[in-house]
2 protein chains.
Amino acid sequence: MTSIENFTSQYGLVGKIDAFGYLDYLKNTPDAPRKHGKVVLVTADTPLKASRGEGKTTTTIALIDALNARGIDAAAVLRQPSMGITAAGSKGGASGGGKASLTHPELIDWGLCGEMAAIAAAQNLLVSFAEKAVDEGKLDTILVPRVSEVPSRSLRQIAVDRGKGDVPERVVLTPTCELMQIVVLSRSMDEIAERVARMIAGTKGGKGVTFGEFVDLWRITSILTDAVKPAKTETVNGSPVYVHGGPFANVSIGIPTLVSVEMACALHDVVIVEAGYGTDAGAQKWLDIACREYGAQWPSAAIVVTRASTWRDDPDLAWRYPFHVNRLENLDIPTFPLINLWEGEDDQVPTLLETAEKLEFRKPVIGNLFRDGGAALADQLDQFIDALKNGSMPAAPHSHRGMSVIENVKWVAEQAYGVPAERVVLKDGFAASRDEAVALCDSVGVNMADLALVAVKSPATMTDDDRAPQDERTVTLKKVEIHAGAGLVHVNLTTSLTTPMPKIV
Amino acid sequence: MTSIENFTSQYGLVGKIDAFGYLDYLKNTPDAPRKHGKVVLVTADTPLKASRGEGKTTTTIALIDALNARGIDAAAVLRQPSMGITAAGSKGGASGGGKASLTHPELIDWGLCGEMAAIAAAQNLLVSFAEKAVDEGKLDTILVPRVSEVPSRSLRQIAVDRGKGDVPERVVLTPTCELMQIVVLSRSMDEIAERVARMIAGTKGGKGVTFGEFVDLWRITSILTDAVKPAKTETVNGSPVYVHGGPFANVSIGIPTLVSVEMACALHDVVIVEAGYGTDAGAQKWLDIACREYGAQWPSAAIVVTRASTWRDDPDLAWRYPFHVNRLENLDIPTFPLINLWEGEDDQVPTLLETAEKLEFRKPVIGNLFRDGGAALADQLDQFIDALKNGSMPAAPHSHRGMSVIENVKWVAEQAYGVPAERVVLKDGFAASRDEAVALCDSVGVNMADLALVAVKSPATMTDDDRAPQDERTVTLKKVEIHAGAGLVHVNLTTSLTTPMPKIV
């Protein structure tokens, strides 16, 4: 009998799965055995800074270990961390820790099977082909950036062909590029090729020119052959973990690939999807992009992770955690607060429970997951499991297709950041940037209102000043960027720095 | 019993071998079963242009198939082609063709298991750390280039930190970088770390500063964990093929990794090492760098491939092929001409044999290897096999350690290009470049005369003008570059363009 094993190959210590092939097989074989797993989001409080994790991956790992210990077939789907950022030492890896660990975290942290590198090569090859198109008179300007997996602040702005053309360019981190988004959102290699063909390479005579007009698409898809296959690994307790897609839900979509989640749902009863940084980044992207516009499954429950110190120590920012929990509950997603204790914080449990009760939260799940792993959680999951077992399969959410980009941002600002429409501010130059983007879309036959919105912002802030009183908080719109192949429109928000190419610190 | 299988993991359709571990095991286990295979170089006539292959890989594959068909345990060791160059369409892959093919040439051509990408990430991370060292006042200038696996002519000269520092930089193709050379020449991860520590990052107050002074070496070696493992695949006829190391013996060393060849020699009786482009590039590098300075095995035989048209159609350049064959014979390497016929050339065999006889060659091996594979060769290999069986194991060649760089170039020009010392010309500025390099070496405690010479030149020429009459040919020395970590000194020769970063054509 055909099974997932037929679609799995070993790559050293991980399996690589032909998810496109497996999902095709399920589609063409209605009687094939399959599960209909429910999606749970593990997201978090907005972090105090980008490099300070609340413990989402640790929680995700502890959670599937705890669920499996209770006899529930649960798996996790993680994005791959940025190897460059990890290698540079700017951030720890993203593969859990302590008793809530993967068997081989080093594989996940250090480049896995070269998926990110292949996407980088393919995106850079597109830029090289665009450059050739400039030489041949098919393009005047290039709009796609080169990428680097390795951070380097001096690559933010570069000039190529120094001493001759001195052409300004920018380099962005690989996970944030349009080709990564295409890999995350596509359900077949044909769809990837179609989307690459629709990517806007640059302009000629002021009109957009797409890659489909001059690139052999098979060259790009050939590079991606292995990169489109999710990796399978496991926790130290044997719970299955799939890893696929890139990070950075603040400056890109930063969610696991849709096919990795769909494949996991066909194989397991509960599928934990990690969606970070905070609820305002990863969860917002999962709900409003993946579910709303790309047919991903609406979560049947959510867990919002915080550290006691994040919640407690900065009164100015303490509004953010309950805001996130309530926002998800208001979407009819049963939402469980989870407080990930650090060493020496066990005595704070009573205070934390008290605060949660005051806030009318569901009873929070609390534990030191690094120290105790899934065992810290298993006994606390009754309500969570009940919500999963007895909740109905969620309906598909409404699409925002056709909504203008400004209306769309206002909606997100209100729903996800708590800032009403009248305090969404257009920065000088925003309208011009928007008009230019509309014209660019028009020139390639795309209606900008049909593109899904990617809010680009700092991972550590939701508004222009999260410390301002509630009724003074604003969101400023800075500029618009089109990713027509991925079907996305990026809008840079707030006054904070984003990290398309960080400095090594 | 321990065997090579204990050191091999499956990575999709190829095996990856922990060659460091296996060679360590052999060293520590003198009684372990092992072979003492002989090395055969497959090299070629100087190509008419870089993108025009004579058929070295096709020959290598046909040859091991023919030897195995005759009951001889033969394997091949290939370098990995540049995925970027292949993907860009500037050159076909380098994995044979027709009946002389690998089972999965697409794997070799399209990035294998990400080895090259990992080396690129590690080299680029070194540059990022150097940049951080500049920010911290530890460095004034950076001397190591960033790399790209994808060709792009506009990356030859770039400026980073545009609008602020506007720092000039250059980007080179990944296979040509010092870290690739270190991977090719090292026999353990410790040796790689030591060599990275000795790489000159840049200068401070005019003196060299090495990476060992400010980089955590484990970050670099962690990235390289899988990249240091040779891949194992096979021909369509089941003959074993190992693939490891990068191309471009004209601008770098361009030979397979030393450990891949040593491992293959422990496993097989005959090991065919592909060494291209021409004899003046790949074979010169194998003999004069790998064997002379790094303890690689001197070849027991050589095959010099040409196409009938290369040999025949350009009388001005026809001197090159017999020059190569005779040069190797004069080194006491039994050298067999091999003419790789293309469709419609079968009737030229009598003329080719006649020419070879006039030139006092050994009887050439002639066949259409694409069409007929190893079957075209099997019957013609008696002399070749005899040379391998009855030749003595070659002695170690003399090192050039201590020879000045100019003496070394003069020696290579005479031996490998046929240009006597008096016609080796120093271009204006060369002496200054050399003096600067000597001072840089001195400042980090390296004697430049202890570095092995890498002649950097066009793949398609040996001298300033290969069409000039023999007694007018010159070799011009242009500049010197130090790769202290790899233990190499590069000297750019001739007036021809090299390809550190080609244009897509």
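Helix 2 of chain A is mostly covered, with 12 of its 14 residues buried (buried: under 20% relative accessible area, exposed over 50%, partly exposed in between, using a 1.4 Å probe and protein chains only). This is a predicted model, where local features need pLDDT of at least 70, side-chain atom pairs count only at pLDDT 80 or more, and totals for chains, interfaces and linings use all residues. Residues are numbered from 1 along each chain as its sequence is written, chains are lettered from A and ligands numbered from 1 in the order written, and side-chain values use heavy atoms, leaving out hydrogens and water.

**Stop 1: helix 2, chain A**

Select residues 56–69. Helices are DSSP runs of H or I with at least four residues, strands runs of E with at least two, numbered from the N terminus. Among the buried residues are Lys56(A), Ile61(A), Asp65(A) and Leu67(A). First to last C-alpha, helix 2 reaches 20 Å, close to the 20 Å expected (1.5 Å times one less than the number of residues). Gly71(A) follows helix 2, with a positive phi near 85°.

**Stop 2: helices 6 and 7, chain A**

Select 178–185 and 189–198. The two axes come within 9 Å and cross at roughly 145° (axes are lines fitted to C-alpha atoms, for helices over the stretch in contact; angles run from 0 to 180 degrees between N-to-C directions). Show the contact side chains (heavy atoms within 4.5 Å). Helix 6 of chain A supplies Leu179(A), Ile182(A), Val183(A) and Leu185(A). Helix 7 of chain A supplies Glu191(A), Ile192(A), Arg195(A) and Val196(A).

**Stop 3: the four-stranded sheet, chain A**

This open sheet has the order 20-22-23-21 and mixed pairing (two strands pair if DSSP finds at least two bridges between them). Strand 20 (424–426) and strand 21 (452–456) of chain A are the edges, each pairing on one side only. Neighbouring strands are turned by 40° on average, direction ignored. Helix 10 (279–294) of chain A packs on the sheet, touching strands 21 and 23. Its direction makes about 165° with that of strand 21.

Now select 475–483 and 488–493. Ile482(A) stands opposite Val489(A). Helix 17 (430–443) of chain A lies across strands 20, 22 and 23, at about 20° to strand 22.

**Stop 4: the three-stranded sheet, chain B**

Here the order is 7-12-13, open and antiparallel. Strand 7 (141–142) and strand 13 (207–210) of chain B each have a single partner strand, so one side of each is left without a neighbour in the sheet. Four bridges pair strand 12 (200–204) with strand 13 of chain B. Finish at Lys204(B), which stands opposite Lys207(B).
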